[in-house]
Amino acid sequence: MTKMSVLADCLKTLSNAEKRGKRQVLLRPSSKVVVKFLQVMQKNGYIGEFEVIDDHRAGKIVVELIGRLNKCGVISPRFDVPVKNVEQWVQDILPARGFGHIVLTTTFGIMDHDEARRKHTGGKLLGFFY
């Protein structure tokens, strides 16, 4: 069976492993979007180190979990979010103020909503984590 969304599959695997109390998890297949999403999560301290393994196929990623992740997911379809509506989406998706992050893909790359607000740019909604 074909995978519909590589990002959704990886985030669900990550969330399930965190719920089970695992220390590390193997994500496959890999993609550039998944790697950038994981970099945003790592920068905010939700996951530990991760290593991309090139197996000359689709690739794999080994992620160290630190037990801080409650939930992560993808938002489909990828809604357009103008810079003035970012705060409304944060209120709709995240459970509380100042808790969690929404990941956007912008013309400046993949970043969380705080960085997008600082750079004063909108984009398309990729997913969330808290």
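Phenylalanine 129 is buried, with a relative accessible area of 0%; buried here stands for under 20% relative accessible area, exposed for over 50% and partly exposed for the range in between, with a 1.4 Å probe and protein chains only. The model is predicted, so local features need pLDDT of at least 70 and side-chain atom pairs count only at pLDDT 80 or more, while totals for chains, interfaces and linings use all residues. Residues are numbered from 1 along each chain as its sequence is written, and side-chain values use heavy atoms, with hydrogens and water left out.

- Rings of Phe, Tyr and Trp (its six-membered ring) pair if their centres lie within 6.5 Å; planes under 30 degrees apart count as stacked, over 60 as edge-to-face and the rest as tilted.
- The count under this rule is five aromatic pairs.
- The pair of tyrosine 46 and phenylalanine 129 is edge-to-face because the ring centres are 5.0 Å apart and the planes stand at 75 degrees.
- This pair links distant parts of the chain, 83 residues apart: tyrosine 46 is in the loop between α2 (32-43) and β2 (47-53), and phenylalanine 129 is in strand β8 (residues 123-129).
- Helices (H or I, at least four residues) and strands (E, at least two) are DSSP runs, numbered from the N terminus.
- Tyrosine 46 is also buried, at 4% relative accessible area.
- One aromatic cluster is formed by Phe37, Tyr46 and Phe129.
- Arginine 68 lies over the face of tyrosine 46, at 4.2 Å from the ring centre; the criterion is NZ of Lys or CZ of Arg within 6 Å of the ring centre and within 35 degrees of the ring normal.
- Not counting residues up to four places away in sequence, phenylalanine 129 touches Phe37, Val40, Met41, Asn44, Tyr46, Leu69, Lys71, Cys72, Leu94, Gly100, His101 and Val103, where contact means heavy atoms within 4.5 Å.

**Nonpolar cores**

- In soluble globular proteins, nonpolar side chains tend to be buried together.
- A nonpolar core is a set of buried Ala, Val, Leu, Ile, Met, Phe, Trp, Tyr and Cys residues joined through side-chain atoms within 4.5 Å.
- The largest core has 24 residues, of which Leu14, Leu38, Met41, Val63 and Phe129 touch the most other members.
- At least two residues of this core come from each of α1 (6-20), β1 (24-27), α2, β2, β3 (60-65) and β8.
- Helix α2 gives the largest share of this core, six residues.
- Another core, of twelve residues, lies apart from it and includes Ile102, Leu104, Ala116 and Phe128.
- Isoleucine 93, in helix α3 (residues 86-93), is in contact with Ile75, Ile102, Leu125 and Phe128, leaving aside neighbours within four places in sequence.

**Cavity**

- On a 1 Å grid over the protein atoms alone, a cavity is a set of points where a 1.4 Å probe fits but cannot get out, and lining residues have an atom within 4 Å of a point.
- Grid points are joined across faces, edges and corners, and a volume is the space filled by probe spheres set on the points.
- There is one cavity of 30 Å³ or more, and the largest cavity has a volume of about 30 Å³.
- The lining of the largest cavity consists of Leu7, Cys10, Leu11, Leu14, Leu27, Val34, Phe37 and Leu38.
- Both α1 and α2 supply at least two residues of this lining, and the largest share, four residues, comes from α1.

**Backbone geometry**

- The peptide bond from arginine 28 to proline 29 is cis, with omega near -5 degrees; proline 29 lies in the loop between β1 and α2.
- The bond from serine 76 to proline 77 is a cis peptide bond too, with omega near 0 degrees, and proline 77 is in the loop between β4 (72-74) and β5 (80-81).
- Histidine 56, not a glycine, has a positive phi of about 60 degrees; this residue lies in the loop between β2 and β3 and is exposed at 73% relative accessibility.
- Histidine 120 has a positive phi near 55 degrees, is in the loop between α4 (113-118) and β8, and counts as exposed at 62% relative accessibility.

**Sequence and spatial separation**

- Methionine 4 is in the segment before α1 and is exposed, at 81% relative accessibility.
- From methionine 4 to isoleucine 66 the separation is 62 residues in sequence and 28 Å in space, C-alpha to C-alpha.
- Isoleucine 93 and serine 31 are 62 residues apart in sequence and 25 Å apart in space, C-alpha to C-alpha.

Methods:
On a 1 Å grid over the protein atoms alone, a cavity is a set of points where a 1.4 Å probe fits but cannot get out, and a pocket is an open set with protein on both sides within 12 Å along at least five of seven lines; lining residues have an atom within 4 Å of a point.
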